[in-house]
Structure formats: C-alpha cells, structure tokens
Amino acid sequence: MKLSQFKFKLPEELIAQHPAEERDDARLMVVNRKTGSIENHEFKEVINFFDDGDLFVYNDSLVFPALLYGNKEKTGAKIEVFLLRELSAEGKLWDVLVEPARKIRIGNKLYFGEDESMVAEVIDNTTSRGRTLRFLYDGPHDEFKADLFKLGSTPLPFYIKRESTPEDAERYQTIYAKREGAVVASGVGLHFSRELLKRLEIKGVGQEFITIHSGLGNYREIDVEDLTKHRMDSEEMVASEELVSNVNATKDAGHKVVAVGTSVLRAIASAVSMGGHMKTYTGWTNKFIFPPYDFTVTNALLTNFHLPYSTMLMMVSAFGGYDLIMEAYKKAVKEEYKFGVYGDSMLII
C-alpha cells in the first residue's frame, strides 16, 4: 500500500471542534465486512449488534494535562512545553517537546506559573525539537506531580483549532480511564456513558481493559510513499493475565472480541501468540498496521472517523478492507459525519 492511497477530500467544517452535548449522542456508521452493507445508526444503538458472551476491550489509559506554557530565563521568551513522559520520578526528569525549539539550549531554565514557582532546567537535546527537562522541586513526588499538572492543560489534537477549556479536561477523557500516561485520547471511547456501559452489562456483554499509552506518534506526518518504510513511535502497553484469559475464552467460545478504538486493536495485535491467541505482555510496541493484515483475535472494531493519511485510517482499512472502508468514508463525507476525536463513530463487524 502507498501513502497516496489514503488521501480523500475532507472539508474543514467536518472536523469536530467540540464534543457532542452528551457522550453517547454521536452518529454510528455500521460497516458489515461480509455483506458489504453500510448503514446509518446512532451510537446508543451499538448495543443491538452484540449478544450475551461478547466482550468489549477498552483502553484504560488516562490522558494527563501535558501542555505547559512558560517563560525562558533572562529573555522572558514564551515557550510551549509538551510533556511526553516521565523518565525518572526520583530525578523529576521528563521527556518533552518544546516550541520554538531554536530558542532553547542545554542549561537554559524555564519558569512556569503566574508566580514562576515551577522551574525546570534543560539538560539534554534528544531530537530537533525534543528535550529532557529536570524540574527543580524539593517536595515529595506526589506533590510535585499535583503542582505540575495544575499548571498543565488538555493536549488537544492539532486539528482542533482552539485553546483547550475546562470542559475538555473532562470530555477529552474516557469515563473508565485510570492509568496515567497518554497524551492522545481514545476518540470512540469518549462516546461511552455510564448508562450505556450499564446497559451492555445487563445484556451480558463483558468488559475488559488493556493499557496502551497513546502518544503523539499517532499524529506524526508520514513522509514516505512506501508504507513499509514508515516507523511508528513506540508506546507503552500492558496486557494482563486476566484480560488475556477472558479474551481467549471469548474467542474459543465463538463470541465476538470487540476492540474499542484503534489503540486497542493495535495493542491486541501486538500481544498475539503463534497460535492466534493473546499472550500477556508488558513493554513497548511500535507495531504499524496497514493493509493487508490478518487479525486473529479481534473480530469487531469500534472507532471514530480519522483524517486523511493518518495511521489510524490505515489500521481501520486493514481491519475492514481497503475498498469497503474508503467507500464508507466517501459516504461519511457526503452525509456530513463529523471527523476526529470529538467526531462520529464507525462499527466494523
């Protein structure tokens, strides 16, 4: 497959800039791989496509307030700092991106907060934009993290052309998130309300959780036409023994294993054993999935509508079949479905 095969015309106004009024208010396009049918539904109706014994697998990663605004020492130049991940709790070291990168050098100090009480020192240059910061903070680690996150804001995707708000702090987060580490939210996961989760439980549809901390690599521009030459950024993931046992039992019983989001689809595929079942896994994955690909565990996928050229669109095309998914996307544009993390959803069965 070539990068150019994932181009389609997406009007700017179809990229959702705000969440729906209620979490489960989104539209749902249902794509059937066997029949080739493409149907329009509401997200609340997703329950009608599953039965007692089926299993939904969710990503329980929690998005933290990763975006900081500070000032450089002496010059007072405004600096944007994007926290990627904590490298050392003891050393208060963080891997970050900074903008504008050209103004920052090793040894520079950055000040955050209205009173400039949070101070960090640049100690390493890792990439053209990346840096390692050491935060100069004397208190306990828990207090440091709390104070740091008070200064941060929600890291909305680049295609949302506005500043984040207090509403985003709640809505750019799934209701089941609990393991801190992501800077990118599960778009389709945002549609699940407590009422819908309860209705699925009552129907006998099981739930399990996998952890994969989605990073900015999901939005990194692909700069090669030959997709075999693209390398994904690594993301940390955990597939527990309980999850693996329930997924394999569901598969062996002939029920559906449903990946809630492309992050879950990728994580499950990263933890598949030689026999086509899941295995426990704790570590990192840089798996890049594009057509053709043989999914041996997951047999249904819930996802949002993704932007042209994105790795998420490539993964969805691998699962649903390139021709059928591109036809569905053409229909979505024509019928004005909303795209992006705050947009509408698709179920592939």
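I began with the second largest cavity of this predicted model, and found its lining made up of P19, A20, R23, R171, L190, H191, V341 and Y342. I noted a volume of about 70 Å³ for this second largest cavity. Sorted by class, its lining gives 5 nonpolar, 1 polar and 2 charged residues.

Next I turned to the largest cavity, which holds about 80 Å³. I listed N59, S61, V63, Q173, T174, A177, A182, V184, A185, S186, S214 and S263 around the largest cavity. No charged residue turned up in that lining; I have 7 polar and 5 nonpolar ones there. My cavity count stands at 2, taking those of 30 Å³ or more.

For the largest pocket I wrote down a volume of about 1300 Å³. I see 49 residues lining the largest pocket, with F82, L84, L97, V183 and L216 closest to its centre. Which elements give two or more residues to this lining? I found β5 (67–72), β6 (78–88), β7 (93–99), β11 (179–182) and β13 (235–239). By class I have 22 nonpolar, 15 charged and 12 polar residues in the lining of the largest pocket.

How values were computed
Residues are numbered from 1 along each chain as its sequence is written. This is a predicted model: local features need pLDDT of at least 70, side-chain atom pairs count only at pLDDT 80 or more; totals for chains, interfaces and linings use all residues. Side-chain values use heavy atoms; hydrogens and water are left out. On a 1 Å grid over the protein atoms alone, a cavity is a set of points where a 1.4 Å probe fits but cannot get out, and a pocket is an open set with protein on both sides within 12 Å along at least five of seven lines; lining residues have an atom within 4 Å of a point. Grid points are joined across faces, edges and corners, and a volume is the space filled by probe spheres set on the points. Helices (H or I, at least four residues) and strands (E, at least two) are DSSP runs, numbered from the N terminus. Ala, Val, Leu, Ile, Met, Phe, Trp, Tyr, Cys and Pro count as nonpolar, Asp, Glu, Lys and Arg as charged, and the others, Gly among them, as polar.
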